[in-house]
Amino acid sequence: MSDTVVKERASVRTAVQKLGTFLSGMVMPNIPALIAWGIVTALFIEVGPFPNEAIASLVDPAIHYLLPLLIAYTGGKMVYDVRGGVVGSFATLGVIGGSDWLIDQFNANAAEGEGGLGKVHMFIGAMIMAPLAAWLMKQLDKLWEGKVKAGFEMLVNMFSAGIFAFIMALGGFFLLAPVVNKIMEWLGAGVGWLIETGVLPAVSLLIEPAKVFFLNNAINHGVLTPLGSTEAAVDGKSILFLLEANPGPGVGVLLAFTFFGVGAARATAPGAAIIQFFGGIHEVYFPYVLMKPTLLLAVIGGGASGVATNMLLGTGLGGPAAPGSIIAIGAQAIGPGVMNFVGVMASVVVAAAVSFIIAAVILRASRKGDLAAEAAGQDSLGAAVAKTQANKGKDSSFLSGLSTAVMTEPITRIVFACDAGMGSSAMGASVLRKKVHGAGFTDVTVTNLAIANLDDTPQVVITQEELTPRAKQQNSSAVHVSVDNFMNSPRYDEVVELVRQSREEGDAEGRELAEADAPVAAAAAAPAAAGPGDVLTPDRVTTAPAARDRDEAIREAAGRLVAAGAVTEDYEQAMFDREAEVSTFMGNGLAIPHGTNAAKETVLGSALTVARYPEPIDWDGNEVRFVIGIAGKDGGHLEILAKIATIFSDEAQVERLLAAEGDAELYAMLSEVND
């Protein structure tokens with residue numbers, strides 16, 4: 001196959017993914033409104049378990065006006081903020097009005113006895129018109145940007161948006177409405193034919209592979225949700241909501257790996273099954289299918305059997321289930337009645353059973369080859385995770401967890417890396433070291449390094465999110481964990497659990513090696529002793545700083561370090577350079593601005609300065625009350641940083657520091673770092 005053909009296919013796939021992602025972005029924020037509408041529909045329309053004409057009167061205006069306009073506003077806002085949302089919403093109202101007018105005209109002219117047309121609910125119209133109107137409004141605004149006389153900006157902005165929204169509404173009324181009506185007529189007829197002929201289960205041939213390659217959003221949000229909502233408005237439920245959301249096919253494959261898989265795939269499958277089935281995160285099973293493309297037969301078979309079960313039992317959901325977890329599906333299935341709930345649950349069980357049986361046969365048939373590949377050190381699951389993330393077009397925390405959940409040997413070496421390897425990484429390492437050793441794993445070294453000094457030795461590397469790609473370039477074999485809060489990140493507990501799992505999974509040889517390395521580990525874990533009794537002094541602590549924003553606070557910290565004789569005046573720019581690369585916000589109201597690794601020549605000695613601010617400072621979107629300026633010479637400040645990290649990881653202690661009255665009391669509470 002030529003490179004040109006491959007690139008064209010990849011381009012088409014990417015385009016479909018982007019379209020699906022955009023459609024999902026318009027629909028997903030409004031799922032709560034769809035769920036609320038689904039509850040009213042399932043319970044109170046004439047065919048529901050509690051028919052109530054008064055409450056049921058909410059159904060039609062909600063699906064015909066409210067939901068499309070909510071989607072329109074969201075889509076317009078995605079393109080051009082609130083201005084785009086407002087213009088897009090009014091333009092969509094024109095599409096709704098045009099559709100209604102055309103249908104009324106048709107029904108008025110229809111011969112007596114002919115069936116009239118029902119209303120078309122403009123989900124698709126909203127998805128087309130709102131982003132288009134918002135984008136055109138954005139382009140128009142660029143034409144007169146900077147050309148409006150002072151004092152007339154608001155007048156021009158208001159009237160230009162209003163007039164353009166009116167023009168787009170007319171375009172929607174006369175041009176787009178008839179097109180969307182025809183599209184919905186064709187789609188409805190096509191689905192009707194699939195149901196009447198009994199071949200609806202065949203759509204699993206399209207939907208299940210599309211899910212694995214992240215192409216399902218365009219189908220689900222662009223077609224199934226609009227058609228399913230229209231059907232549910234009449235019948236109180238729709239089978240279409242279950243075509244893509246049924247978790248049975250995915251959990252069936254994961255259960256097959258649990259019993260018949262090998263290596264990392266078998267070890268991670270149970271956890272992935274829980275996430276997929278109860279959390280509704282279907283993407284966690286995609287790598288398992290990509291490991292063996294023949295497993296597409298399992299998910300297709302499971303999906304088709306689930307659809308067939310719902311067809312036979314006449315069951316469906318009252319509204320879309322998002323995410324597609326068994327909990328969300330059960331909530332949407334119970335509204336139309338207990339028997340409907342039982343039928344939907346049966347469809348999930350049947351789908352899971354069929355998928356499990358087919359996957360088990362495939363895994364058993366290839367087990368010998370899988371064991372040989374595992375023995376040869378081939379990471380099939382890791383490769384499949386990477387391929388899945390490439391299909392998705394971005395990293396996924398759910399997928400990344402699969403490839404990092406199992407270690408082939410006990411973890412004994414963890415490194416916390418940052419750009420300079422002195423400030424943030426030292427504090428993060430201190431907090432994590434305390435957690436790891438506190439869990440009983442005292443033979444594990446937790447140290448800090450500059451990213452540039454990383455090698456292949458660490459088994460786990462922890463960095464700020466912005467620095468993880470660079471760390472992966474330095475060490476591609478380690479488990480990489482990204483954090484955004486150094487003082488109390490929940491990822492630290494995950495690392496401790498990862499260490500525990502590595503001990504359970506590691507073999508006896510690995511355990512003996514870890515024990516043999518323990519003395520070396522303990523020595524490496526100990527921070528460099530510098531005995532810097534004067535690194536933090538009373539005159540470097542203040543509770544009345546003048547700064548009111550991040551940049552002023554950095555300048556103040558730099559100025560105090562210069563006054564302490566610890567740095568040259570060039571260190572201030574190095575602190576700003578560091579901040580431009582990655583934020584020095586640590587969590588728990590603490591920031592520790594410091595220079596880059598390249599600015600070592602500007603550091604004359606080790607010193608710390610502490611400033612407590614009376615009101616929170618906005619630090620890249622985070623609230624900061626304490627700013628600790630750092631300058632470190634030859635690692636002499638690391639022991640103190642470790643102690644500061646211990647103090648600020650304790651939220652109760654942070655509250656006491658906030659309550660300290662005056663510089664002297666605050667210094668007294670922090671002076672223990674000099675012991």
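Biologist: Which residue caps the N-terminal end of helix 23?
Modeller: This is a predicted model, where local features need pLDDT of at least 70, side-chain atom pairs count only at pLDDT 80 or more, and totals for chains, interfaces and linings use all residues. Residues are numbered from 1 along each chain as its sequence is written, and side-chain values use heavy atoms, leaving out hydrogens and water. Helices (H or I, at least four residues) and strands (E, at least two) are DSSP runs, numbered from the N terminus. A side-chain oxygen lies 3.3 Å from the backbone nitrogen of D551, and the residue supplying that oxygen as cap is D549.

Biologist: What does helix 23 reach from its first C-alpha to its last?
Modeller: Helix 23 covers residues 550-563, 14 residues in total. The expected span is 1.5 Å times one less than the number of residues. That gives an expected 20 Å, and the helix comes close to it, reaching 20 Å.

Biologist: Which elements do the buried residues of helix 23 pack against?
Modeller: Buried means under 20% relative accessible area, exposed over 50%, partly exposed in between (1.4 Å probe, protein chains only). The buried set includes R550, I554 and L561. Their partners are helix 24 (571-581), strand 8 (607-619) and strand 9 (622-631).

Biologist: Is Q653 buried or exposed?
Modeller: Q653 sits in helix 26 (residues 651-659). Beyond neighbours within four places in sequence, Q653 is in contact (heavy atoms within 4.5 Å) with I647 and M669. Its relative accessibility is 13%, so Q653 counts as buried.

Definitions and conventions. A polar contact is a pair of N or O atoms within 3.5 Å; within protein, one must be able to donate a hydrogen and the other to accept it, and residues adjacent in sequence count only if both atoms are side-chain atoms.
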